[in-house]
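I opened the notebook to record what I looked up in this structure. The entries follow in the order in which I made them.

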Amino acid sequence: MAPGGSACKEVESYPAVADYAIATTTPESNSMTTKSSFGFVGKHGIQSNNGVYELLECPVCKNLMYPPIHQCPNGHTLCLNCKNRVRNCCPSCRYDLGNIRCLALEKFVESLELPCKYHSLGCHEILPYYSKLKHKQHCRFRPYNCPYAGSDCSITGDIPTLIAHLKDDHKVDMHDGCTFNHRYVKSNPQEVEHATWMLTVFKCFGKQFCLHFEAFQIGMVPVYMAFLRFMGDDSEAKKFGYCLEVGANGRKLTWQGIPRSIRDGHRKVRDSQDGLVIQRNLALHFSGGDRQELKLRVSGRIWKEA
C-alpha cells in the first residue's frame with residue numbers, strides 16, 4: 001500500500017494507465033519544428049510520441065488534462081472533473097486520491113506546442129498547450145452542426161459533407177439562384193403548438209444558404225417566421241445581405257438583413273426574431289379565402305455586399 005493511502009471499495013473498474021515514453025531529438029534538431037500528426041513539439045526541442053499523448057490524456061474521459069491535474073499517491077493522474085466522478089478513488093490502483101496536484105506534469109506541458117485538433121480539416125496552427133482548448137472552441141475549421149431544424153440531428157462535418165447529408169438523409173430541396181419565390185401551405189393553421197417548419201437550401205455566389213420557415217409562438221401570440229442562415233462562418237456571412245417579402249390583398253411585409261451563420265443554432269436565431277415575423281391573423285389575411293388554410297408566398301433575394 002502506498003504511504004498514507006488506503007484502498008477504495010466498490011468503485012467502477014477502469015483500464016489501467018498505459019506506460020509512457022519520451023523521444024528526445026538529436027542536438028542537430030534543437031530548434032522548434034512543426035509537429036507531425038502523431039506527436040507534439042516542445043519549445044526546448046522535445047518531440048513526443050504517442051506515449052506522451054497518453055501521459056497527458058485523462059485515463060477516464062480520454063480528454064487532454066488541464067490544471068488542476070490530480071494524482072494518487074502512486075502517481076496515476078486524472079483531470080478534476082473525473083476526480084469528482086470517481087468519488088476520489090484512483091481508477092488505476094483504487095487508492096484514495098486525496099488532494100495531490102501533479103505540479104511536475106503541469107509545469108512540463110508549459111513547454112509543449114500542439115497542432116490544432118482540426119489539423120486534418122485544414123487548420124495549421126501550432127499552439128502552446130494551455131492555449132489549445134480556447135483555440136479549439138473558436139477555430140474556423142471546426143466542424144459545423146447539421147442545420148436541419150426538424151430533429152435533433154447529431155451529424156457534424158464540413159460544408160460539402162453537410163450538403164450531401166441534407167440532400168440524402170433529410171431530403172432537403174436544393175436550388176441554384178439568388179432569387180426565390182416559395183409558397184407555404186398548411187391545411188390547419190390553428191395547430192401552431194405543433195411547430196411546422198420547412199428548410200430549403202440555395203446555392204448562390206458559390207455558397208450555400210438555408211431558408212427556414214417555421215410556425216411557433218412568441219409568448220401567447222402564434223406567428224410564422226422566415227429567415228436565412230449562411231452555411232459558413234460569421235465573418236463570411238457578413239459579406240452578404242438578403243431581403244424577404246410576403247403580402248396579398250394590397251398589403252405587404254418586408255424584411256432586410258444579414259444572414260446568420262449556421263454556427264448560431266436554428267433556435268437561437270428563431271428566438272431572437274432575426275427574420276421576417278408574421279402574426280398568424282395577418283398571415284391568414286394574406287392567405288385569403290375563409291381563413292381556414294394558410295397560403296403564403298414568400299419571395300426573396302440574396303446579394304453580395306460591395
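Entry 1, contacts and overall counts. For this entry I take a contact to mean heavy atoms within 4.5 Å. Among the contacts in the protein with a separation of 6 or more, 57% come from residues 24 or more positions apart. I note here that the model is predicted. I looked up the elements and found eight helices and 20 strands. The protein has 306 residues, and 42% of them count as buried. I also looked up the accessible surface, which comes to about 16,800 Å². Carbon and sulfur atoms hold 48% of that surface.

Entry 2, the partners of β20. I looked for strands that pair with β20, residues 294-304, and noted two. Strand β12, residues 179-186, pairs with β20 in the antiparallel sense, over eight bridges. In this pairing I find threonine 179 opposite arginine 301 of β20. Strand β16, residues 240-248, also pairs with β20 in the antiparallel sense, here over seven bridges. I asked myself which residue in β20 is the bridge partner of glutamate 245. I found serine 299 in that place.

Entry 3, a sheet of three strands. I followed the order β5-β4-β6 through an open sheet with antiparallel pairing. The edges are β5 (77-78) and β6 (100-101); each has a single partner strand, so one side of each has no neighbour in the sheet. Between β4, residues 70-71, and β6 I noted two bridges, and these strands run antiparallel. Glutamine 71 is the residue that stands opposite isoleucine 100 in β6.

A pair of aromatic rings is described by the distance of the centres and the angle of the planes. I looked up the pairs and found nine in the structure. I then took one of them, phenylalanine 209 and phenylalanine 240: the ring centres are 5.2 Å apart and the planes stand at 80°, so I wrote the pair down as edge-to-face. The cut-off for that label is over 60 degrees. This pair links distant parts of the chain, with phenylalanine 209 in strand β14 (residues 207-218) and phenylalanine 240 in strand β16, 31 residues apart. Are these two residues buried or exposed? Phenylalanine 209 and phenylalanine 240 are both buried. I also noted that ring pairs join Phe205, Phe209, Phe230 and Phe240 into a cluster.

I looked at arginine 263 and found its charged end over the ring of tyrosine 144, 3.8 Å from the ring centre. Another case is arginine 270, which lies over the face of phenylalanine 216 at 4.6 Å from the ring centre.

A disulfide is a covalent bond between the sulfur atoms of two cysteines. How many disulfides does a search of the whole structure find? The search gives one. Cysteine 178 and cysteine 204 form a disulfide, with their sulfur atoms 1.9 Å apart. I read 105° about the S-S bond, and the link is right-handed. The link joins distant parts of the chain: cysteine 178 is in the loop between β11 (173-176) and β12, cysteine 204 is in strand β13 (residues 197-204), and they are 26 residues apart. Cysteine 178 has 22% relative accessibility and counts as partly exposed. Cysteine 204 has 1% relative accessibility, so I listed this residue as buried.

I then checked cysteine 93, which is in no disulfide; the nearest cysteine sulfur belongs to cysteine 90 and is 3.6 Å away. The cut-off for a disulfide is within 2.5 Å. Cysteine 153 is in no disulfide either, and the nearest cysteine sulfur, that of cysteine 146, is 3.8 Å away. Cysteine 153 counts as partly exposed at 23% relative accessibility.

I found proline 222 in strand β15, residues 221-230. Its relative accessible area is 16%, so proline 222 is buried; the cut-off for that word is under 20%.

Methods: Residues are numbered from 1 along each chain as its sequence is written. This is a predicted model: local features need pLDDT of at least 70, side-chain atom pairs count only at pLDDT 80 or more; totals for chains, interfaces and linings use all residues. Side-chain values use heavy atoms; hydrogens and water are left out. Two strands pair if DSSP finds at least two bridges between them. Helices (H or I, at least four residues) and strands (E, at least two) are DSSP runs, numbered from the N terminus. Buried means under 20% relative accessible area, exposed over 50%, partly exposed in between (1.4 Å probe, protein chains only). Accessible areas come from the Shrake-Rupley method with a 1.4 Å probe; for residues, only the protein chains shown count as cover. Rings of Phe, Tyr and Trp (its six-membered ring) pair if their centres lie within 6.5 Å; planes under 30 degrees apart count as stacked, over 60 as edge-to-face and the rest as tilted. A charge sits over a ring if NZ of Lys or CZ of Arg is within 6 Å of the ring centre and within 35 degrees of the ring normal.
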